[in-house]
Amino acid sequence: MRAINRIIDSARAAPRRIVLSEGDDPRVLQAALRATREGTAKIILAGNRAAIESCAYREGIELAGMEVVDPARSHLTPDFVQELLRLRAHKGMTLAQAQREVLDPLCFANLMVRLGHADGSVSGAVRTTADVVRNAIQIIGLNKSFKLVSSFFLMMLCEPFHSLKGGLIFSDCGLVVDPDAIELSEIAMAAADSARNLLMEEPRVAMLSFSTSGSARHAAVDKVVEAARRVKEMRPALAIDGDVQLDAAIVAEIANRKLPDSQVKGRANVLIFPNLEAGNIGYKLAERVGGAVAIGPLLQGLAKPANDLSRGCSAEDVFYVIAVTVVQAQAAAHCLSDQCAAPV
């Protein structure tokens with residue numbers, strides 16, 4: 001079964017409340033309709049009610065089964081103003097500014113998540129990644145297990161011509177430009193958690209480099225080695241190789257030859273790129289030349305799920321991200337109920 005199908009099935013088994021802040025965009029409404037009809041999520045549309053209803057009318061979309069919340073008229077707004085003021089007063093935010101900011105559907109949606117009125121948010125069909133990520137960090141905040149927010153792509157290789165089949169996590173391909181060793185280790189641990197939750201299998205992490213087990217000497221290699229050492233120290237049970245070249249990470253025969261003591265044994269399902277330049281090139285090569293389907297960039301390291309969309313996304317892309325956000329919310333709820341932190 002394709003990785004995305006497992007995610008959709010898991011979402012349907014226990015749908016969560018996902019708030020969409022761009023409900024006046026046809027792609028978002030089409031995805032919301034599909035998610036509602038298929039039972040993938042309980043959809044909340046945050047924004048100007050008239051604009052949402054007008055878009056739905058033009059697109060022939062029935063809003064039955066979805067909740068529409070207009071920040072300008074919601075009974076939640078006064079409490080949200082006070083919460084935003086509490087969060088941002090140390091940065092100089094005034095009451096007037098908080099009252100204005102809360103009317104922004106992106107801000108309102110993330111306050112819904114923060115205060116438990118929704119389980120996750122999806123934005124970015126219209127808003128920039130910078131807006132989406134900044135707002136999520138400021139309002140939802142970081143998971144206590146991590147010190148930064150990073151991103152990942154869920155890459156699906158499910159076509160007959162793919163020699164390597166299944167789902168892979170590529171990280172970070174969209175957010176952290178040049179992580180140091182500590183940041184790279186954080187990205188690796190967050191991506192391992194993403195693999196466990198979304199691929200529904202144990203993570204096997206490859207810390208990618210142009211070197212395999214010290215075959216090259218360079219400061220860039222040293223960074224990867226140190227990041228891998230830190231991950232092994234913090235999560236000794238995690239299967240991880242680093243530094244490792246891509247071929248040794250995903251081809252068992254090459255791993256046996258180049259890295260006989262490998263923990264991953266050429267079967268990596270999490271690929272950690274040393275910087276954003278490599279990651280961005282890598283995922284686009286896999287997508288455009290290798291024929292992989294790329295879902296993302298998705299966010300990891302937040303206290304509760306909030307995901308970004310590409311502004312060039314299709315309705316299907318939005319639907320997939322909604323399903324991913326539901327599964328992330330399921331995992332977050334399970335963690336809270338067990339009072340657990342990230343596995344070590």
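So, the lining of the second largest pocket: strand 6 (166-171), helix 9 (219-234), helix 10 (246-250) and helix 12 (276-288) each put in at least two residues. Helix 12 gives the most, with five residues. When I say helix or strand, I mean DSSP runs, H or I over at least four residues for helices and E over at least two for strands, numbered from the N terminus.

Before I go on, this is a predicted model, where local features need pLDDT of at least 70 and side-chain atom pairs count only at pLDDT 80 or more, while totals for chains, interfaces and linings use all residues. Residues are numbered from 1 along each chain as its sequence is written, and side-chain values use heavy atoms, with hydrogens and water left out.

Back to that pocket. The word pocket here means an open set of points on a 1 Å grid over the protein atoms alone, where a 1.4 Å probe fits, with protein on both sides within 12 Å along at least five of seven lines; lining residues have an atom within 4 Å of a point. The second largest pocket holds about 540 Å³ of space, the volume being what is filled by probe spheres set on the points, which are joined across faces, edges and corners. Its lining has 25 residues, and Leu208, Leu246, Leu271, Phe273 and Gly282 lie nearest the centre. What classes of residue make up the lining of the second largest pocket? There are 20 nonpolar, five polar and no charged residues. For the classes, Ala, Val, Leu, Ile, Met, Phe, Trp, Tyr, Cys and Pro count as nonpolar, Asp, Glu, Lys and Arg as charged, and the others, Gly among them, as polar.

Helix 9 turns up again in the packing. Its axis and that of helix 8 (residues 181-198) come within 8 Å and cross at roughly 50 degrees. Axes are lines fitted to C-alpha atoms, for helices over the stretch in contact, and angles run from 0 to 180 degrees between N-to-C directions. Helix 8 and helix 9 are therefore oblique to each other; under 35 degrees would be roughly parallel, over 145 roughly antiparallel, 65 to 115 roughly perpendicular, and the rest is oblique. The contact, meaning heavy atoms within 4.5 Å, includes Ala181 and Met189 of helix 8 and Lys223 and Met234 of helix 9. Nine of the residues in the contact of helix 8 with helix 9 are nonpolar, one is polar and four are charged.

Now helix 2 (residues 26-37) and helix 3 (residues 49-59): their axes come within 10 Å and cross at roughly 75 degrees. That makes helix 2 roughly perpendicular to helix 3. Pro26, Leu29 and Gln30 of helix 2 touch Ile52, Cys55, Ala56 and Glu59 of helix 3.

Then helix 4 (residues 77-88) and helix 6 (residues 105-114) pack at about 85 degrees, axes 11 Å apart. So helix 4 is roughly perpendicular to helix 6. Among the residues that meet are Phe80 and Leu84 in helix 4, and Phe108 and Leu111 in helix 6.

Last, some backbone details. Most residues other than glycine have a negative phi, and most peptide bonds are trans. Where does Asp172 sit? Asp172 is in the loop between strand 6 and helix 8, and the peptide bond from Ser171 to Asp172 is cis, with omega near -10 degrees. The bond from Gly296 to Pro297 is also cis, omega near 5 degrees, and Pro297 lies in strand 10 (residues 293-300). Met200 has a positive phi, near 60 degrees, and is found in the loop between helix 8 and strand 7 (204-208).
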